[in-house]
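Subject: Structure handover

Hi,

My notes follow below it.

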Amino acid sequence: MERIAVFPGSFDPFTCGHEALVAEALRLFDRIVIGVGHNPSKRGLLSVENRKRLIDDLYAAEPRVETRIYSGLTAEFARQVGACVIVRGVRNTADFEYERTMEATNRRLCPDVTTIVLFAPVSVADIASSTARELLAFGHSIKAFLPEGIDIDKYL
């Protein structure tokens, strides 16, 4: 039986921290579905379509990674794609507390879907999409925050 994991997030933008978590998840699961959450009431740096395109471009040569846009509850999305696991990344204790609460809610909604937490590698634990957006807004380069070869201007 194929082990499918969902890695959900807004990915605005997808950072090298996200990339590190996908690499770790690929060691554990047969296939990763990166779920790009779409919240129509929020305006981000990148459109949801361009977030998906950036991730698709990054993983074009990796057939075990698929990117989908979704709206609604993550647990329901996981069930919809046949995932047995929701992968979440944590950088610090604040992330952990938030993810613990989300895990409990997802468990109530879909008891057959397990949430696992992967710790961000130390080398990227300080990287956050929100910080990247703020730096960009003030005219700074975010190249160090992005996976190698990604030119953010292509997706803006």
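This is a predicted model: local features need pLDDT of at least 70, side-chain atom pairs count only at pLDDT 80 or more; totals for chains, interfaces and linings use all residues.

**The loop between β1 and α1**

Start with backbone geometry. D12 and P13 are joined by a cis peptide bond, with omega about 0°. P13 sits in the loop between β1 and α1. F11 belongs to that loop between β1 and α1 too. Phi of F11 is positive, near 50°, and F11 is not a glycine. Both features deserve a look, because most residues other than glycine have a negative phi, and most peptide bonds are trans. F11 has a relative accessible area of 2%, so F11 counts as buried under the 20% cut-off.

**Helix α1**

α1 runs over residues 16-28, which makes 13 residues. At 1.5 Å a residue the helix should span 18 Å. The end C-alpha atoms are 19 Å apart, which agrees. At the start of the helix, a side-chain oxygen of T15 comes within 3.2 Å of the backbone nitrogen of G17.

Which residues of α1 are buried? They are C16, G17, H18, L21, V22, A25 and L26.

**Nonpolar cores**

The largest nonpolar core has 31 residues. Those with the most contacts inside it are F14, V22, I32, I34, L54, I55 and V87. Two or more residues each come from β1, α1, β2, α2 (48-58) and β4. α1 gives the most, with five residues.

Leaving aside neighbours within four places in sequence, I34 contacts F7, F11, F14, V22, I55, Y59, V65, E66, T67 and R68.

There is a second, separate core of twelve residues. Among its members are Y70, A83, I86 and V113.

T74 lies in helix α3 (residues 74-80). With a relative accessible area of 19%, T74 is buried, because the cut-off is 20%. Not counting residues up to four places away in sequence, T74 touches P8 and I86.

**Aromatic pairs**

How many aromatic pairs are there? The count comes to four. The ring centres of F11 and F14 are 5.4 Å apart, with the planes at 45°, so this pair is tilted. F11 and F14 are both buried. Y70 and F77 are stacked, at 4.2 Å centre to centre and 10° between the planes. Y70 is buried at 9% relative accessibility. F77 is buried at 4%. Ring pairs also link F7, F11, F14 and Y59 into a cluster.

**Cysteines**

No bond here to set up: the whole structure has zero disulfides. For C110, the closest cysteine sulfur is in C84, 13 Å away, which is too far for a bond. C110 is buried at 1% relative accessibility. C16 is buried as well, at 14%.

Best wishes

Conventions
Residues are numbered from 1 along each chain as its sequence is written. Side-chain values use heavy atoms; hydrogens and water are left out. Rings of Phe, Tyr and Trp (its six-membered ring) pair if their centres lie within 6.5 Å; planes under 30 degrees apart count as stacked, over 60 as edge-to-face and the rest as tilted. Buried means under 20% relative accessible area, exposed over 50%, partly exposed in between (1.4 Å probe, protein chains only). Helices (H or I, at least four residues) and strands (E, at least two) are DSSP runs, numbered from the N terminus. The expected span of a helix is 1.5 Å times one less than its number of residues. A polar contact is a pair of N or O atoms within 3.5 Å; within protein, one must be able to donate a hydrogen and the other to accept it, and residues adjacent in sequence count only if both atoms are side-chain atoms. Contact means heavy atoms within 4.5 Å. A nonpolar core is a set of buried Ala, Val, Leu, Ile, Met, Phe, Trp, Tyr and Cys residues joined through side-chain atoms within 4.5 Å. A disulfide is a pair of cysteine sulfur atoms within 2.5 Å.
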